[in-house]
Protein chains: 2
Amino acid sequence: MKLLRIRSAMARIRATVALLMFGACAAASAQSDPLPSWNDGAAKKAIVEFVQTTTTQGSPNYVPPPERIATFDQDGTLWVEHPIYAQVMYCLDRVPALVKAKPELAKVEPFKTVLSGNREAIAKLPEPELLKIVAATLTGMSVEDFQAEVKKWLADARDPRWKRPYTELTYLPMQELLKYLRSNGFKTYIVTGGGQDFVRMYSEAVYGIPPEQVIGTAGGTQYGYDKSGRPFLTKEPRLLLNDDKAGKPEGIHLMIGRRPLVAFGNSDGDQQMLEYTKAGGGVRLVLLLLHDDAKREYAYGPATGLPATKVGAFTQGLHDQARKQGWVVVSVKNDWRRVFAFD
Amino acid sequence: MKLLRIRSAMARIRATVALLMFGACAAASAQSDPLPSWNDGAAKKAIVEFVQTTTTQGSPNYVPPPERIATFDQDGTLWVEHPIYAQVMYCLDRVPALVKAKPELAKVEPFKTVLSGNREAIAKLPEPELLKIVAATLTGMSVEDFQAEVKKWLADARDPRWKRPYTELTYLPMQELLKYLRSNGFKTYIVTGGGQDFVRMYSEAVYGIPPEQVIGTAGGTQYGYDKSGRPFLTKEPRLLLNDDKAGKPEGIHLMIGRRPLVAFGNSDGDQQMLEYTKAGGGVRLVLLLLHDDAKREYAYGPATGLPATKVGAFTQGLHDQARKQGWVVVSVKNDWRRVFAFD
């Protein structure tokens with residue numbers, strides 16, 4: 001009896017050894033659904049089949065890990081972009097402090113309109129005027145000062161609809177997709193028209209994506225020394241990379257130097273990144289997010305029958321291109337079981 | 001007796017379990033010298049102590065893995081830069097093909113001098129003339145065409161002194177250092193004044209550094225479509241990042257977004273990267289390579305008593321700054337037991 005118990009103990013220990021040695025594989029095949037917030041359907045099926053065929057040794061579509069690059073647009077793809085980009089809110093919120101430091105701006109447009117608080121008038125500001133605000137609030141200070149300001153704002157600012165920090169407005173299904181890809185050896189990147197330095201302030205905490213894997217619209221910096229001789233970088237209004245439309249594949253080449261295997265976007269600004277990815281040959285996974293759920297999030301874009309808005313819409317032309325080139329169109333309404341972690 | 005054997009078997013299995021669980025740590029502490037090509041001395045000691053203090057849990061200097069960024073200059077730090085940068089050789093070697101495609105260049109300087117084969121005259125070409133050659137041979141073609149040309153050249157070209165492919169002229173002690181850092185959770189980057197697209201063609205094979213971790217002098221690209229509608233990128237002569245001197249910390253901010261913990265250079269062009277790294281506070285490892293071994297490699301720079309040359313020299317001023325700011329000066333002659341793998 002005693003011997004039996006010992007044998008049974010040995011068997012358990014052997015099982016432990018086996019589990020430790022092969023645990024990773026066992027866990028991977030036996031694990032529960034890696035995309036629980038996705039409804040079963042064509043989109044989820046395409047994602048899972050793509051990951052399996054590109055990561056299974058011996059598969060004709062096998063791709064070595066270093067080439068598993070996945071690029072994601074941010075606004076409207078990883079988090080909410082309506083009714084206004086979070087970063088634009090940041091810039092508008094910074095105007096009072098800016099005017100306090102430079103009182104002469106109070107009587108100058110577009111700062112005068114922003115200070116008035118008249119939302120309708122602010123929304124009507126033409127793009128060149130908005131760019132003046134962007135330049136004034138995002139440049140002309142040290143990198144460290146900028147980072148401190150953004151950190152403070154992120155902690156305090158609240159989205160007007162859900163009354164939550166913007167960083168909570170990330171889509172749960174996208175979080176699952178990022179993790180699923182990473183657990184299969186993919187390197188995940190953000191490729192955003194938003195400011196590179198801005199997004200880098202929360203990308204690691206919100207998306208698990210380190211700053212060096214954030215590609216965004218970027219200005220130059222100027223190296224210099226403070227009074228004590230300590231070197232520092234100043235953010236300059238000189239544009240280095242306009243990471244939108246054709247700027248997305250150009251930015252990908254600059255910052256990664258390889259063509260992505262996976263790309264996910266939601267607007268006309270993502271067209272070139274998506275078609276460039278698809279044109280790489282072999283199997284590629286290209287996804288386009290359709291915002292068609294006004295109840296749980298927002299509805300905009302061609303499938304809604306609504307007119308294109310300023311923010312993040314894609315046109316019927318892109319929808320047609322998606323069908324023609326075999327991109328996967330993901331519907332918020334139909335493909336996502338849940339939208340937010342706080343739902 | 002049987003019971004004893006079983007108990008002994010159980011003990012062995014338990015030991016196996018323990019080894020599997022803690023194998024990594026055990027292997028790390030019991031492993032042989034990770035830097036066998038380095039002589040025992042102050043430089044090697046400083047490196048090993050730095051890695052231990054920043055990677056040991058509970059150490060007051062512990063740094064979490066995501067912040068373990070190590071940046072390396074390439075020419076003269078990771079491989080030989082004398083008597084002429086490999087990439088300059090590439091550009092000169094491309095001139096005949098360029099003139100074949102555009103015969104009118106044969107009578108125009110500086111192409112005429114390069115075609116003459118007169119090494120002395122070529123060496124005397126002023127920098128603006130050399131830049132014309134660089135622009136003409138590195139831009140104006142698709143990224144794919146450029147990559148194919150560089151690949152062919154790397155396979156065929158030989159260094160004049162050792163008659164070996166340039167890619168074999170990497171320093172063995174530096175290869176060991178890169179691996180040692182990576183095995184301790186550091187992410188290794190190249191930060192080079194050389195062309196980003198050029199160095200990316202061999203960085204993974206030669207240094208184990210993927211293209212996305214190569215920061216170099218970079219031009220813009222232009223997105224477009226070929227006749228069949230396939231998108232592609234054309235290399236343009238528009239300079240985006242001059243990754244030398246102040247351009248190095250600026251490039252590090254653009255491409256990484258964090259300050260390095262370790263930086264290694266060998267010339268005045270690395271000054272700003274090195275002092276910017278050191279100024280980050282806490283413990284930082286900053287290294288400066290002194291080429292003082294004419295027999296095994298080359299001797300140039302202040303310690304040799306030789307005048308500064310065009311290529312890769314650092315001045316007495318930088319040597320003084322190294323001493324003052326506590327950088328580690330590494331001597332090829334004294335700190336390296338072996339220089340090349342083929343020695």
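Colleague: Why is B:Cys91 called buried?
Modeller: In this predicted model, B:Cys91 has a relative accessible area of 4%. The cut-off for buried is under 20%, so B:Cys91 with its 4% counts as buried.

Colleague: And what makes A:Cys91 buried or exposed?
Modeller: The relative accessible area of A:Cys91 is 3%. Exposed would need over 50%, and buried needs under 20%, so A:Cys91 is buried.

Colleague: How many disulfides are there, and how do you know?
Modeller: A disulfide needs two cysteine sulfur atoms within 2.5 Å. By that rule the count over all chains is zero.

Colleague: Which strands of chain B form the open sheet, and in what order?
Modeller: There are seven, in the order β4-β3-β2-β1-β5-β6-β7, with mixed pairing. What makes β4 (231-241) and β7 (328-331) of chain B the edge strands is that each pairs on one side only. From one strand to the next, the twist averages 30 degrees.

Colleague: Which helix packs on that sheet?
Modeller: Helix α2 (residues 42-55) of chain B does, touching β5, β6 (285-290) and β7 of chain B. The direction of α2 makes about 155 degrees with that of β6(B).

Colleague: How do you know that β1(B) and β5(B) pair?
Modeller: Pairing takes at least two bridges. Strand β1 (residues 69-72) and strand β5 (residues 262-265) of chain B have three, in the parallel sense. Among the bridge partners in β5(B) are B:Phe264 for B:Phe72 and B:Val262 for B:Ala70.

Colleague: What makes both faces of β1(B) covered?
Modeller: B:Ile69 and B:Thr71 on one side are buried, and so are B:Ala70 and B:Phe72 on the other.

Colleague: Why is helix α12 of chain B said to be largely enclosed?
Modeller: Six of the eight residues of α12(B) (residues 271-278) are buried, so the rest of the structure largely encloses this helix. The buried residues are B:Gln272, B:Met273, B:Leu274, B:Glu275, B:Tyr276 and B:Thr277.

Colleague: Why are α3(A) and α7(A) called roughly perpendicular?
Modeller: Helix α3 (residues 86-101) and helix α7 (residues 143-156) of chain A pack at about 105 degrees, with their axes 11 Å apart. Angles of 65 to 115 degrees count as roughly perpendicular, so these two helices are described that way. On the α3(A) side, the contact is made by A:Ala86, A:Met89, A:Tyr90, A:Asp93 and A:Arg94. On the α7(A) side, A:Phe146, A:Glu149, A:Val150 and A:Trp153 take part.

Colleague: What makes the pairing of the A:Ser331 and A:Asp292 side chains a polar contact?
Modeller: The distance between them is 2.7 Å, and the limit for a polar contact is 3.5 Å. A polar atom of the A:Ser331 side chain also lies 2.9 Å from the backbone nitrogen of A:Asn334.

Colleague: Where does A:Ser331 lie, and is this residue buried or exposed?
Modeller: A:Ser331 belongs to strand β7 (residues 328-331) of chain A. A:Ser331 has a relative accessible area of 8% and is therefore buried, given the cut-off of under 20%. Leaving aside neighbours within four places in sequence, A:Ser331 is in contact with A:Leu290, A:Asp292 and A:Trp336.

Key:
Residues are numbered from 1 along each chain as its sequence is written. Chains are lettered from A and ligands numbered from 1 in the order in which they are written. This is a predicted model: local features need pLDDT of at least 70, side-chain atom pairs count only at pLDDT 80 or more; totals for chains, interfaces and linings use all residues. Side-chain values use heavy atoms; hydrogens and water are left out. Buried means under 20% relative accessible area, exposed over 50%, partly exposed in between (1.4 Å probe, protein chains only). Helices (H or I, at least four residues) and strands (E, at least two) are DSSP runs, numbered from the N terminus. Axes are lines fitted to C-alpha atoms, for helices over the stretch in contact, and angles run from 0 to 180 degrees between N-to-C directions. Contact means heavy atoms within 4.5 Å. A polar contact is a pair of N or O atoms within 3.5 Å; within protein, one must be able to donate a hydrogen and the other to accept it, and residues adjacent in sequence count only if both atoms are side-chain atoms. Angles under 35 degrees count as roughly parallel, over 145 as roughly antiparallel, 65 to 115 as roughly perpendicular and the rest as oblique.
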